[in-house]
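Please open the model in your viewer and display the backbone together with the side chains.

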Amino acid sequence: MTTLAGGTDTLTRDALTVLQPGFTGTTAPDWLLRRLGEGLASVGLFGRNIASPGQLAALTAQLRAERDDVLVAIDEEGGDVTRLEVRTGSSFPGNHALGAVDDVELTRQVAYELGRRLAACGVNLNWAPSADVNSNPRNPVIGVRSFGADTELAARHTAAYVTGLQSAGVAACTKHFPGHGDTAVDSHHALPHIGVPAEVLTDRELTPFRAAIAVGSRAVMSAHILVPALDPDHPATLSRRILTGLLRGELGYDGLIVTDGMEMRAIAGTYGIERGSVLAVAAGADAICVGGGLADDATVRRLRDALVAAVRAGELPEERLAEAADRVRALASWASAPGRAPEETRGSEIGLHAARRALTVTVAPGLGSPETIEPLTEPPYVAALTPVANIAVGDETPWGIAAELVHLLPGTVTGSFAAEDGKAEDGKAEDGKESDAGERAGRAALESAGPRRIVAVVRDEHRHPWMASALDILLAARPDTIVVEMGVPQAAPRGALHIATHGAARVCGRAAAEVIAGL
């Protein structure tokens, strides 16, 4: 076994190289810097690591002082999933809004500007875009993170996004292979199944990934989903048939394969992160993402040791681990190349411009058109009907239009209502019916609103019966209520004015507030 400078042997160094761990805090801890010196080549950043662009730039400079070619990765999709602006909401609309506009040049420009901001802060690998075709409207984890339910639309915008992001010098990581759109379970909590035939997968799920590969996506992220038509026994992240046979062999992809977070219950709950990581690398994965919930040196040490032990036991070919480490280093070399000359862009305006274009405004019959309806002149009451945020989005990121309306119409009053507001003290809906919880939440909102005009803000009304029931109550008592849908607009438009934003980014809320205030 070859021993390198610093006392780290080649096998141990390769095992460290394939890990993409997270950490806590806004400065790099000593253990992380030490591991970079021993061979760790990637670091994953989350909202907990970011306070401001200046702080983030200082953090990445600290990492590069230890290893100049380190891959600094982030989960920055824009839209609902933002880490750069986790405390304020994103300056860029997400995929679903871009798909609603369906202007591939706009998508490219948005991705470029987002990439330019990441690069300016020292980030060079983005776990985005989501190439999932949102074919299941009840999907609890993808939704507005997808460009849409149309395969060809998702494909052309995935390609445009990858092109824009990488032209700014930030590697794209197209996800979640082979496609997470037709699921009804969140893989953060359990293992989803996709039960469609192979030909459907080929024509629908795989098409956007082919488009991403064709334009040179530097990385692809695997999904923790079971697809029996492809492999009845192993989830995609652990499937040699899917990662090596399909992605490498049939699709001809030769870039970096990154796993989704190994601490997610779909893997950790069945295999454990150590065993899961060994199986993932053996199946063809090159980088192990871990750190969304596990972010310490003990985790890194456990995974490193598990990989080394698997090689020594003959369970993981040493050549496979070395190949994976080489791919990580190759991407690190590309990402650390001298910066690309910035092109002229619309800068901070591009996100709001895109969010405005993404709006779909529907006026109730008999009330005129979007161009003739009277804007609000008096401050309204904003009733946000708030679902539980999925883990990918996080509950720390603000959403809605209340803050924007307060700015445009001073004196606006706001309130937030959830299914829990209609539940009894034992936490269960009356008579076991979610609609009862919604009715009670609706009545609470009416009482709080008083005589003010109501603006009801919803998010995926079609997926939440309690939300639909609350809206029934509001509209029956106050038919002049304005409804703003900030999720997937699957439910039929209703209300005196219905505004679909196709996402809950801050700029989406701003665009909707402008319409309401007549700007």
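Helices (H or I, at least four residues) and strands (E, at least two) are DSSP runs, numbered from the N terminus. The model is a predicted one, in which local features need pLDDT of at least 70 and side-chain atom pairs count only at pLDDT 80 or more, while totals for chains, interfaces and linings use all residues. Residues are numbered from 1 along each chain as its sequence is written, and side-chain values use heavy atoms, with hydrogens and water left out.

**Cis peptide bonds**

Select strand β5, residues 171-177, and locate His-176 within this strand. The peptide bond that joins Lys-175 to His-176 is cis, with omega at about 0 degrees.

Next, select Phe-177 and Pro-178, which are also joined by a cis peptide bond; here omega is about 5 degrees. Pro-178 belongs to the loop that runs between β5 and α7 (198-214).

**Positive phi angles**

Move on to the loop between β12 (454-458) and α16 (465-477), and select Asp-460 there. Although Asp-460 is not a glycine, its phi is positive, at about 60 degrees. Is Asp-460 buried or exposed? Its relative accessible area is 11%, so Asp-460 is buried (buried means under 20% relative accessible area, exposed over 50%, partly exposed in between, with a 1.4 Å probe and protein chains only).

Finally, select His-502, in the loop between β14 (497-500) and α17 (506-517). His-502 is not a glycine, yet it has a positive phi of about 65 degrees. His-502 counts as buried because its relative accessibility is 8%.
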